[in-house]
Amino acid sequence: MAEFFFMGGYAAYVWPVYGLALLVVVGLVGQSLLDYRRQLRLVSELESKAGGRARRAARTHRSDA
Amino acid sequence: MSTLSTSQRLQAFANPTRFMSLSGRILGPMAAVTALLLLSGLYFALLDSPPDYQQGETVRIMYVHVPSAWLAMMGYMIMAGASAIGLIFRHPLADVCAKSAAPIGAAFTFLALVTGSLWGKPMWGTWWVWDARLTSMLILLFLYLGYIALWATIEEPARAARGAAVLALVGALNVPIIHYSVVWWNTLHQPASVFRMGGPTIAASMLTPLMLMALGFTMLFVTLLLVRMRAEILRRRVRGLLLAKADM
(Lines give C-alpha, C1' and ligand atoms only; values in the text may rest on other atoms or scores of the structure.)
Protein backbone atom coordinates (compact mmCIF):
# COMPACT_ATOMS: atom_id res chain seq x y z
CA MET A 1 0.00 0.00 0.00
CA ALA A 2 2.76 2.43 1.00
CA GLU A 3 4.58 1.44 -2.16
CA PHE A 4 1.50 2.34 -4.20
CA PHE A 5 1.40 5.85 -2.74
CA PHE A 6 5.18 6.21 -3.12
CA MET A 7 4.85 5.85 -6.93
CA GLY A 8 8.49 4.86 -7.37
CA GLY A 9 9.60 8.18 -5.90
CA TYR A 10 7.43 10.22 -8.28
CA ALA A 11 4.47 10.68 -5.91
CA ALA A 12 4.96 14.47 -5.93
CA TYR A 13 4.23 14.50 -9.69
CA VAL A 14 1.78 11.63 -10.23
CA TRP A 15 -0.72 12.40 -7.43
CA PRO A 16 -1.13 16.11 -8.19
CA VAL A 17 -1.98 15.10 -11.79
CA TYR A 18 -4.83 12.84 -10.64
CA GLY A 19 -5.92 15.29 -7.94
CA LEU A 20 -6.11 18.16 -10.39
CA ALA A 21 -7.97 16.03 -12.96
CA LEU A 22 -10.54 15.17 -10.28
CA LEU A 23 -10.86 18.83 -9.33
CA VAL A 24 -11.35 19.95 -12.95
CA VAL A 25 -13.92 17.21 -13.68
CA VAL A 26 -15.90 17.84 -10.48
CA GLY A 27 -15.76 21.60 -11.12
CA LEU A 28 -17.00 21.25 -14.71
CA VAL A 29 -19.81 18.84 -13.81
CA GLY A 30 -20.88 20.92 -10.80
CA GLN A 31 -20.86 24.25 -12.60
CA SER A 32 -22.74 22.81 -15.61
CA LEU A 33 -25.46 21.25 -13.45
CA LEU A 34 -25.86 24.33 -11.22
CA ASP A 35 -26.26 26.60 -14.26
CA TYR A 36 -28.76 24.18 -15.82
CA ARG A 37 -30.88 24.07 -12.65
CA ARG A 38 -30.75 27.88 -12.36
CA GLN A 39 -32.02 28.38 -15.90
CA LEU A 40 -34.72 25.74 -15.36
CA ARG A 41 -35.91 27.60 -12.25
CA LEU A 42 -35.86 30.99 -14.00
CA VAL A 43 -37.93 29.68 -16.93
CA SER A 44 -40.58 28.18 -14.67
CA GLU A 45 -40.71 31.36 -12.52
CA LEU A 46 -41.11 33.63 -15.55
CA GLU A 47 -43.63 31.36 -17.24
CA SER A 48 -45.83 31.19 -14.17
CA LYS A 49 -45.64 34.99 -13.80
CA ALA A 50 -46.44 35.51 -17.48
CA GLY A 51 -50.08 34.70 -16.77
CA GLY A 52 -52.53 32.15 -18.12
CA ARG A 53 -53.02 33.56 -21.63
CA ALA A 54 -49.33 33.75 -22.49
CA ARG A 55 -48.76 30.31 -21.05
CA ARG A 56 -51.60 28.80 -23.11
CA ALA A 57 -50.20 30.52 -26.21
CA ALA A 58 -46.72 29.19 -25.51
CA ARG A 59 -48.04 25.69 -25.05
CA THR A 60 -49.97 25.74 -28.34
CA HIS A 61 -46.92 27.08 -30.09
CA ARG A 62 -44.73 24.36 -28.64
CA SER A 63 -47.05 21.54 -29.70
CA ASP A 64 -47.01 22.99 -33.25
CA ALA A 65 -43.25 22.58 -33.46
CA MET B 1 -41.74 9.75 -41.61
CA SER B 2 -40.57 7.66 -44.55
CA THR B 3 -41.62 10.42 -46.98
CA LEU B 4 -39.25 12.93 -45.33
CA SER B 5 -35.95 13.65 -47.05
CA THR B 6 -32.69 13.35 -45.12
CA SER B 7 -32.30 17.11 -44.85
CA GLN B 8 -35.85 17.46 -43.52
CA ARG B 9 -35.09 14.83 -40.91
CA LEU B 10 -31.85 16.62 -39.97
CA GLN B 11 -33.78 19.86 -39.61
CA ALA B 12 -36.32 18.17 -37.38
CA PHE B 13 -33.49 16.93 -35.16
CA ALA B 14 -31.89 20.38 -35.09
CA ASN B 15 -35.11 21.93 -33.82
CA PRO B 16 -34.39 23.15 -30.25
CA THR B 17 -37.62 21.66 -28.85
CA ARG B 18 -36.83 18.30 -30.41
CA PHE B 19 -33.25 18.61 -29.14
CA MET B 20 -34.48 19.18 -25.57
CA SER B 21 -36.66 16.07 -25.50
CA LEU B 22 -34.09 13.83 -27.22
CA SER B 23 -31.10 14.98 -25.13
CA GLY B 24 -33.20 14.70 -21.96
CA ARG B 25 -33.79 11.02 -22.69
CA ILE B 26 -30.16 10.05 -23.46
CA LEU B 27 -28.39 12.07 -20.73
CA GLY B 28 -28.87 9.51 -17.94
CA PRO B 29 -27.50 6.51 -19.86
CA MET B 30 -24.61 8.64 -21.19
CA ALA B 31 -23.62 9.72 -17.68
CA ALA B 32 -23.66 6.08 -16.56
CA VAL B 33 -21.44 4.97 -19.47
CA THR B 34 -19.05 7.87 -18.74
CA ALA B 35 -18.71 6.86 -15.08
CA LEU B 36 -18.11 3.20 -16.00
CA LEU B 37 -15.42 4.06 -18.56
CA LEU B 38 -13.61 6.47 -16.23
CA LEU B 39 -13.69 4.09 -13.26
CA SER B 40 -12.37 1.13 -15.28
CA GLY B 41 -9.82 3.47 -16.90
CA LEU B 42 -8.62 4.60 -13.46
CA TYR B 43 -8.36 0.99 -12.31
CA PHE B 44 -6.02 0.09 -15.17
CA ALA B 45 -4.15 3.42 -15.06
CA LEU B 46 -3.28 3.25 -11.36
CA LEU B 47 -3.44 -0.44 -10.40
CA ASP B 48 -3.26 -2.79 -13.36
CA SER B 49 -0.57 -1.43 -15.69
CA PRO B 50 3.22 -1.68 -15.50
CA PRO B 51 5.67 1.18 -14.92
CA ASP B 52 7.57 2.23 -18.06
CA TYR B 53 11.11 0.89 -18.41
CA GLN B 54 12.46 4.42 -19.00
CA GLN B 55 9.93 6.71 -17.35
CA GLY B 56 9.04 4.57 -14.34
CA GLU B 57 5.79 5.39 -12.57
CA THR B 58 5.53 8.81 -14.23
CA VAL B 59 4.05 7.00 -17.23
CA ARG B 60 0.78 7.06 -15.26
CA ILE B 61 0.65 10.82 -15.90
CA MET B 62 0.12 9.93 -19.57
CA TYR B 63 -3.34 8.46 -18.88
CA VAL B 64 -4.59 11.91 -17.87
CA HIS B 65 -2.32 14.11 -19.96
CA VAL B 66 -2.80 12.54 -23.40
CA PRO B 67 -6.63 12.23 -23.31
CA SER B 68 -6.83 15.84 -22.02
CA ALA B 69 -4.71 17.07 -24.92
CA TRP B 70 -6.82 15.11 -27.45
CA LEU B 71 -10.03 16.52 -25.98
CA ALA B 72 -8.56 20.03 -25.98
CA MET B 73 -8.13 19.75 -29.75
CA MET B 74 -11.37 17.85 -30.38
CA GLY B 75 -13.25 20.50 -28.42
CA TYR B 76 -11.79 23.20 -30.61
CA MET B 77 -12.72 21.30 -33.77
CA ILE B 78 -16.31 20.90 -32.51
CA MET B 79 -16.38 24.62 -31.68
CA ALA B 80 -14.97 25.67 -35.06
CA GLY B 81 -17.14 23.18 -36.99
CA ALA B 82 -20.32 24.31 -35.23
CA SER B 83 -19.27 27.94 -35.77
CA ALA B 84 -18.93 27.33 -39.51
CA ILE B 85 -22.38 25.69 -39.64
CA GLY B 86 -23.80 28.59 -37.64
CA LEU B 87 -22.28 31.16 -40.00
CA ILE B 88 -23.35 29.41 -43.20
CA PHE B 89 -26.81 28.06 -42.32
CA ARG B 90 -27.70 30.58 -39.58
CA HIS B 91 -28.85 27.74 -37.38
CA PRO B 92 -29.27 28.79 -33.72
CA LEU B 93 -28.51 25.30 -32.38
CA ALA B 94 -25.07 25.36 -34.03
CA ASP B 95 -24.21 28.60 -32.18
CA VAL B 96 -25.48 27.06 -28.94
CA CYS B 97 -23.22 24.05 -29.54
CA ALA B 98 -20.13 26.17 -30.27
CA LYS B 99 -20.68 28.38 -27.23
CA SER B 100 -21.25 25.38 -24.94
CA ALA B 101 -18.13 23.52 -26.12
CA ALA B 102 -15.75 26.39 -25.30
CA PRO B 103 -15.54 26.18 -21.48
CA ILE B 104 -15.18 22.37 -21.59
CA GLY B 105 -12.41 22.62 -24.18
CA ALA B 106 -10.68 25.34 -22.18
CA ALA B 107 -10.77 23.18 -19.03
CA PHE B 108 -9.18 20.22 -20.84
CA THR B 109 -6.53 22.49 -22.39
CA PHE B 110 -5.67 23.80 -18.94
CA LEU B 111 -5.49 20.23 -17.63
CA ALA B 112 -3.24 19.14 -20.53
CA LEU B 113 -0.86 22.08 -19.91
CA VAL B 114 -0.55 21.60 -16.15
CA THR B 115 -0.25 17.78 -16.28
CA GLY B 116 2.34 18.19 -19.05
CA SER B 117 4.28 20.51 -16.80
CA LEU B 118 4.09 18.00 -13.94
CA TRP B 119 5.42 15.35 -16.32
CA GLY B 120 8.08 17.59 -17.82
CA LYS B 121 9.75 18.41 -14.51
CA PRO B 122 10.84 14.83 -13.61
CA MET B 123 11.42 13.67 -17.22
CA TRP B 124 12.89 16.72 -18.99
CA GLY B 125 14.16 18.53 -15.90
CA THR B 126 12.02 21.60 -16.56
CA TRP B 127 8.41 22.70 -15.94
CA TRP B 128 8.19 24.57 -19.21
CA VAL B 129 10.01 25.23 -22.48
CA TRP B 130 8.96 27.68 -25.17
CA ASP B 131 8.96 25.11 -27.94
CA ALA B 132 6.39 24.71 -30.69
CA ARG B 133 4.15 22.07 -29.05
CA LEU B 134 3.88 23.77 -25.67
CA THR B 135 3.54 27.26 -27.09
CA SER B 136 0.82 26.26 -29.59
CA MET B 137 -1.10 24.57 -26.75
CA LEU B 138 -0.86 27.76 -24.69
CA ILE B 139 -2.17 29.70 -27.71
CA LEU B 140 -5.08 27.23 -27.85
CA LEU B 141 -5.96 28.10 -24.25
CA PHE B 142 -5.86 31.83 -25.07
CA LEU B 143 -8.08 31.24 -28.15
CA TYR B 144 -10.64 29.50 -25.95
CA LEU B 145 -10.50 32.30 -23.38
CA GLY B 146 -10.78 34.98 -26.07
CA TYR B 147 -13.78 33.17 -27.57
CA ILE B 148 -15.50 32.97 -24.16
CA ALA B 149 -14.72 36.64 -23.45
CA LEU B 150 -16.17 37.69 -26.82
CA TRP B 151 -19.47 35.95 -26.04
CA ALA B 152 -19.53 37.68 -22.67
CA THR B 153 -18.99 41.17 -24.10
CA ILE B 154 -21.70 41.17 -26.81
CA GLU B 155 -25.23 41.37 -25.41
CA GLU B 156 -27.30 40.17 -28.37
CA PRO B 157 -26.85 36.39 -28.97
CA ALA B 158 -27.06 36.44 -32.79
CA ARG B 159 -24.39 39.17 -33.07
CA ALA B 160 -22.16 37.57 -30.43
CA ALA B 161 -22.41 34.24 -32.27
CA ARG B 162 -21.22 35.77 -35.55
CA GLY B 163 -18.23 37.57 -34.02
CA ALA B 164 -17.22 34.58 -31.93
CA ALA B 165 -17.60 32.23 -34.92
CA VAL B 166 -15.14 34.29 -36.97
CA LEU B 167 -12.62 34.17 -34.11
CA ALA B 168 -13.11 30.40 -33.74
CA LEU B 169 -12.54 29.83 -37.48
CA VAL B 170 -9.41 31.99 -37.69
CA GLY B 171 -8.03 30.24 -34.60
CA ALA B 172 -8.70 26.82 -36.15
CA LEU B 173 -5.43 27.30 -38.07
CA ASN B 174 -3.69 26.55 -34.77
CA VAL B 175 -5.05 22.97 -34.54
CA PRO B 176 -2.96 21.42 -37.36
CA ILE B 177 0.01 23.43 -36.07
CA ILE B 178 -0.36 21.76 -32.65
CA HIS B 179 -0.64 18.32 -34.24
CA TYR B 180 2.37 18.66 -36.56
CA SER B 181 4.48 20.81 -34.21
CA VAL B 182 6.44 17.77 -33.01
CA VAL B 183 7.26 16.86 -36.63
CA TRP B 184 8.00 20.31 -38.05
CA TRP B 185 10.16 21.72 -35.24
CA ASN B 186 12.80 20.49 -32.83
CA THR B 187 11.22 19.81 -29.49
CA LEU B 188 11.57 18.02 -26.17
CA HIS B 189 8.06 16.68 -26.65
CA GLN B 190 7.85 13.13 -27.93
CA PRO B 191 6.12 12.45 -31.28
CA ALA B 192 2.71 10.77 -31.66
CA SER B 193 2.74 7.12 -30.57
CA VAL B 194 -0.94 6.15 -31.03
CA PHE B 195 -2.48 7.93 -34.04
CA ARG B 196 0.40 7.53 -36.45
CA MET B 197 1.14 5.88 -39.82
CA GLY B 198 1.85 2.20 -39.25
CA GLY B 199 -0.21 1.91 -36.06
CA PRO B 200 0.50 2.53 -32.37
CA THR B 201 4.02 1.94 -31.00
CA ILE B 202 2.85 1.81 -27.40
CA ALA B 203 2.65 -1.48 -25.42
CA ALA B 204 -0.80 -3.12 -25.17
CA SER B 205 -0.69 -3.02 -21.34
CA MET B 206 -0.46 0.78 -21.55
CA LEU B 207 -2.80 1.14 -24.51
CA THR B 208 -5.72 -0.34 -22.51
CA PRO B 209 -5.80 2.33 -19.74
CA LEU B 210 -5.01 5.06 -22.28
CA MET B 211 -7.91 4.11 -24.54
CA LEU B 212 -10.36 3.62 -21.63
CA MET B 213 -9.46 7.03 -20.20
CA ALA B 214 -9.66 8.64 -23.66
CA LEU B 215 -13.11 7.12 -24.27
CA GLY B 216 -14.23 8.14 -20.77
CA PHE B 217 -13.02 11.73 -21.26
CA THR B 218 -14.71 11.86 -24.67
CA MET B 219 -18.04 10.63 -23.25
CA LEU B 220 -17.67 13.12 -20.40
CA PHE B 221 -17.11 15.89 -22.95
CA VAL B 222 -20.20 14.95 -25.00
CA THR B 223 -22.41 14.52 -21.91
CA LEU B 224 -21.32 17.88 -20.49
CA LEU B 225 -21.82 19.47 -23.91
CA LEU B 226 -25.45 18.28 -23.94
CA VAL B 227 -26.07 19.58 -20.40
CA ARG B 228 -24.55 22.97 -21.26
CA MET B 229 -26.50 23.17 -24.54
CA ARG B 230 -29.72 22.52 -22.62
CA ALA B 231 -28.83 25.26 -20.13
CA GLU B 232 -28.03 27.65 -23.00
CA ILE B 233 -31.36 26.98 -24.75
CA LEU B 234 -33.15 27.66 -21.45
CA ARG B 235 -31.07 30.84 -20.99
CA ARG B 236 -32.34 32.10 -24.34
CA ARG B 237 -35.90 31.24 -23.38
CA VAL B 238 -35.40 33.27 -20.17
CA ARG B 239 -34.05 36.17 -22.24
CA GLY B 240 -37.08 35.95 -24.57
CA LEU B 241 -39.50 35.91 -21.64
CA LEU B 242 -37.77 38.89 -19.99
CA LEU B 243 -37.85 40.87 -23.25
CA ALA B 244 -41.55 40.01 -23.70
CA LYS B 245 -42.25 41.20 -20.14
CA ALA B 246 -40.39 44.46 -20.78
CA ASP B 247 -42.55 45.04 -23.86
CA MET B 248 -45.82 44.74 -21.93
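User: What makes up the contact between chain A and chain B?

Analyst: The contact takes 27 residues from chain A and 30 residues from chain B, where two residues are in contact if their C-beta atoms, placed from the backbone, lie within 7 Å. This is a predicted model, in which local features need pLDDT of at least 70 and side-chain atom pairs count only at pLDDT 80 or more, while totals for chains, interfaces and linings use all residues. Residues are numbered from 1 along each chain as its sequence is written, and chains are lettered from A and ligands numbered from 1 in the order in which they are written.

User: Which element gives the largest share of the side of chain A that touches chain B?

Analyst: Helix H2 (residues 11–49) of chain A, with 21 residues. Helices (H or I, at least four residues) and strands (E, at least two) are DSSP runs, numbered from the N terminus. By class, that side of chain A has 21 nonpolar, three polar and three charged residues. Ala, Val, Leu, Ile, Met, Phe, Trp, Tyr, Cys and Pro count as nonpolar, Asp, Glu, Lys and Arg as charged, and the others, Gly among them, as polar.

User: Why are H2(A) and H8(B) called roughly parallel?

Analyst: H2(A) and helix H8 (residues 204–247) of chain B pack at about 25 degrees, with their axes 9 Å apart. Axes are lines fitted to C-alpha atoms, for helices over the stretch in contact, and angles run from 0 to 180 degrees between N-to-C directions. Angles under 35 degrees count as roughly parallel, over 145 as roughly antiparallel, 65 to 115 as roughly perpendicular and the rest as oblique. H2(A) and H8(B) are therefore roughly parallel. Their contact divides into 17 nonpolar, two polar and six charged residues.

User: What makes H5(B) roughly antiparallel to H7(B)?

Analyst: Helix H5 (residues 132–153) of chain B and helix H7 (residues 174–184) of chain B pack at about 170 degrees, with axes 8 Å apart. That angle makes H5(B) roughly antiparallel to H7(B). Residues in the contact include B:Met137 and B:Leu140 of H5(B) and B:Ile178 and B:Trp184 of H7(B). By class, this contact has nine nonpolar, three polar and one charged residues.

User: How many helices and strands does chain B have, and what share of its residues counts as buried?

Analyst: Chain B has eight helices and zero strands, in the pattern α-α-α-α-α-α-α-α along the sequence. Of its 248 residues, 36% count as buried; a residue is buried if 20 or more other C-beta atoms lie within 10 Å of its own, exposed if 12 or fewer, and partly exposed in between, with C-beta atoms placed from the backbone.
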